Amino acid sequence: MADLSLDFCGIKFKSPVIIASIETTNSPEVIRECVDAGAAGMIIKTLTDIEDMARLTQNSKYAILNEKNELIKGKVNKNFVFYSRSGYSSTGFREWVPYLKELNAYANDHGSRLIGSAGGKTVQSWVDICRTIEDCGLPMVELNFGCPHPAMMPGVHGGSMIGQDPEVAAEVTARVCEAVDIPVLIKLTPDQSRVMDIARAVRDAGAAGVTATNRYTGFSVDIETGQPRLGGPAGIGGVWAKPLSLRWVHRIYNELGMPITGSNGIYDHRDIVEFIMTGAPLVQVGSVLMLKGIKYLPSMISGLENFMDTHGYPNIESMLGIASKAAVKDYGDQFKKPRMHSEINADTCKNPTCTICIQTCFYDALAQGPDIVNAISKNCIGCEMCTQTCPFDSTSMHTTTEAQRSGKEYFQISQGVFEPEKFEKPFERGIKLSKVR
């Protein structure tokens, strides 16, 4: 049986599955439910001294949308879009103190970890909240530099506003890290182009790790009424955002090598596996539990365990970052890969009834013949589009051998079209990034 336990920033977790800082951790009762359901950890909904952000949670609104941008009523599938307006913990951070102590003991008794989350009005507020969290015995704290809602609250400066400025993010991080001894995580916002700059800045300021990432700010329209949903811009996420989140996990893992918790885009155990294979050993589950209930959590954990058993992964470390390590560094590596071409299995192909592969080949490598699809190998660049669109699994890709390449019947790239040597050393892209930020 696979070992799901791991060490993250010096803290032992019984599995990679923890609960994100959202409504599921806004009450002591539900936190206990998360512990009982087997969560390896729970990040409490962001503690704050910003009154308006606490009040906003008491005015939360949600729109759960399908692929047609219509409200989902009933069973939620994997294509859901979670569009919502919410804030920080609706209870003042000092009022949480007795609950934090009690819940931390309860979590520890069940092999789970209660993690703090902070979002302050001033730099000193961040320090005070994090010291309170540490004094209550919690082993780790996450600074919420990713929440999209403070930017839309008059007079409030926090969340994603801090997460877009490397100097401010570094200042808050450094002050907190100087004030507490527990590991400090930074929750990053994707609402910017400088994610790596922020991650690097907070790492250098003392952060133990980062969370990649919080939700985006979106805008949704009800076309039947012509009105914006929820009255205007709001936070937005869902499984559709997973490749965008994984992009930053991949880059942070490869370029900075710092510990990462993955977030934004998780529905089931397969998504958890993707985050781990990209480089995030700890994964935060959130909106799906709001839609399916805490009772859904055990199936995610057991699904992960079954996947590891059936695929021969003995522990989390054996999966960690394997996809990121296998990824090309630049297109120079891509060009070195063997050429491929497609072949048609005439026994399973349904042509001439089906012609979709011909319609979706934009390189004229497939053409209609007498009741069969003709493969024109000299035009096939190996893009794999036909294998993706064939509903009968009748097309397959094959490595083009040197003997095939030496003839004229397979696609050729003229000498000199690509300059491999330009990828062998750093090259000037022609723009200065500082000019376009």
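This is a short tour of a predicted model, stop by stop.

Residue numbers start from 1 along each chain as its sequence is written. Local features need pLDDT of at least 70, side-chain atom pairs count only at pLDDT 80 or more, totals for chains, interfaces and linings use all residues, and side-chain values use heavy atoms, with hydrogens and water left out.

**Stop 1: helix α1**

Select residues 28-36, helix α1. Helices here are DSSP runs of H or I, at least four residues; strands are runs of E, at least two; both are numbered from the N terminus. Now show what covers them: β3 (17-19), β4 (41-43), α3 (97-109), β8 (113-119) and α10 (297-311) are included. Just after α1, click G38, whose phi is positive at about 105°.

**Stop 2: the cores**

Select L143, I252 and M319. Of the 84 residues in the largest nonpolar core, these touch the most other members. Such a core is a set of buried Ala, Val, Leu, Ile, Met, Phe, Trp, Tyr and Cys residues joined through side-chain atoms within 4.5 Å. Centre on M319. Leaving out residues up to four places away in sequence, M319 touches V273, I276, M277, L304, F307, M308 and Y313; contact means heavy atoms within 4.5 Å. A second, separate core has 11 residues, among them L6, A40, I115 and M140.

**Stop 3: an open sheet**

Show β6, β7, β15 and β12, in that order: 4 strands form an open, antiparallel sheet. Strands pair if DSSP finds at least two bridges between them. β6 (61-65) and β12 (216-218) are the edges; each has a single partner strand, so one side of each lacks a neighbour in the sheet. β12 pairs with β15 (residues 234-237) over 3 bridges. There, Y216 has I236 as its bridge partner.

**Stop 4: backbone exceptions**

Most residues other than glycine have a negative phi, and most peptide bonds are trans. Select A212 and T213: their peptide bond is cis, with omega near -5°. T213 is in the loop between β11 (209-212) and β12. Next, N351 and P352 are joined by a cis bond, omega about 10°. Then find N264, with phi near 80°. N264 is buried at 8% relative accessibility. Finish at E384, with phi about 75°. E384 is partly exposed, at 37%.

Definitions and conventions. Buried means under 20% relative accessible area, exposed over 50%, partly exposed in between (1.4 Å probe, protein chains only).
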